[in-house]
Amino acid sequence: MDVNLAPLRAWDDFFPGSDRFARPDFRDISKWNNRVVSNLLYYQTNYLVVAAMMISVVGFLSPFNMILGGIIVVLVFTGFVWAAHNKDILRRMKKQYPTAFVMVVMLASYFLISMFGGVMVFVFGITFPLLLMFIHASLRLRNLKNKLENKMEGIGLKKTPMGIMHAQAHG
């Protein structure tokens, strides 16, 4: 499978000004979902850069807590994966409810990190970039190039990491 990293979009396209942002129609969940998915696919490299910068800043400001938080999250995730492969009920839950499985891992990580005083690292270092991505993807109006790129991804002419994850989630 030939996977390509999506190009880094121009920052003036990513943050073009208030005229290209609008509140989504909360009554039409399907349309809102389409906007979010399209923007996540189109701006995936920009989101990766922003998240990496935010995680780096948090890591620079609090390296011990960032490392400790990362170790705890990896250990919890590894524990859940091991349990899911060795316990039938957890395996079924992971397969039937993948989002719930990830949420359980995140909540367990939150409680473990809070025991070590690293809650702020978890919130700002990991969760805050995800929240910003979701807000931007929800508010950013799509343009013609965005729609064209997503169609090419949808019919298989281009394969990007986010596109592959989207296809596996819906395939």
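**Exercise 1. Count the aromatic pairs in this predicted model and classify the pair formed by Trp 32 and Phe 134.**

Solution. A pair of aromatic rings is described by the distance of the centres and the angle of the planes. The rule takes rings of Phe, Tyr and Trp (its six-membered ring) as paired if their centres lie within 6.5 Å, and it calls planes under 30 degrees apart stacked, those over 60 edge-to-face and the rest tilted. By this rule the count comes to 8 aromatic pairs. For Trp 32 and Phe 134 the ring centres are 6.0 Å apart and the planes stand at 50 degrees, so the pair is tilted. The pair links distant parts of the chain, since Trp 32 belongs to helix 2 (residues 29-42) and Phe 134 to helix 7 (residues 119-139), 102 residues apart; helices here are DSSP runs (H or I, at least four residues), strands are runs of E with at least two, and both are numbered from the N terminus. Residues are numbered from 1 along each chain as its sequence is written, and side-chain values use heavy atoms, with hydrogens and water left out. As the model is predicted, local features need pLDDT of at least 70 and side-chain atom pairs count only at pLDDT 80 or more, whereas totals for chains, interfaces and linings use all residues.

**Exercise 2. Classify the pair of Tyr 42 and Tyr 43, and state whether these residues are buried or exposed.**

Solution. The ring centres of Tyr 42 and Tyr 43 are 4.8 Å apart with the planes at 80 degrees, so the pair is edge-to-face. For the second part, buried means under 20% relative accessible area, exposed over 50%, and partly exposed in between (1.4 Å probe, protein chains only). Both Tyr 42 and Tyr 43 are buried, whereas Phe 134, at 40% relative accessibility, counts as partly exposed. Tyr 42 and Tyr 43 also belong to one aromatic cluster with Trp 11, Phe 14, Phe 15 and Tyr 47.

**Exercise 3. Describe the largest nonpolar core and the elements that give residues to it.**

Solution. A nonpolar core is a set of buried Ala, Val, Leu, Ile, Met, Phe, Trp, Tyr and Cys residues joined through side-chain atoms within 4.5 Å. The largest has 9 residues, namely Phe 14, Trp 32, Val 36, Tyr 42, Tyr 43, Tyr 47, Ala 51, Met 133 and Ala 137. Helix 2, helix 3 (44-61) and helix 7 are the elements that give two or more residues to this core, and the largest share, 3 residues, comes from helix 2. A second, separate core of 6 residues includes Ile 72, Val 76, Ala 84 and Phe 101.

**Exercise 4. Locate His 136 and list the residues that it touches.**

Solution. His 136 is found in helix 7 and, at 7% relative accessibility, counts as buried. Taking contact as heavy atoms within 4.5 Å, and not counting residues up to four places away in sequence, His 136 touches Phe 14, Phe 15, Phe 21, Asn 39, Tyr 43 and Tyr 47. With that exclusion, Ala 137 touches Arg 35, Val 36, Asn 39, Leu 40 and Tyr 47.
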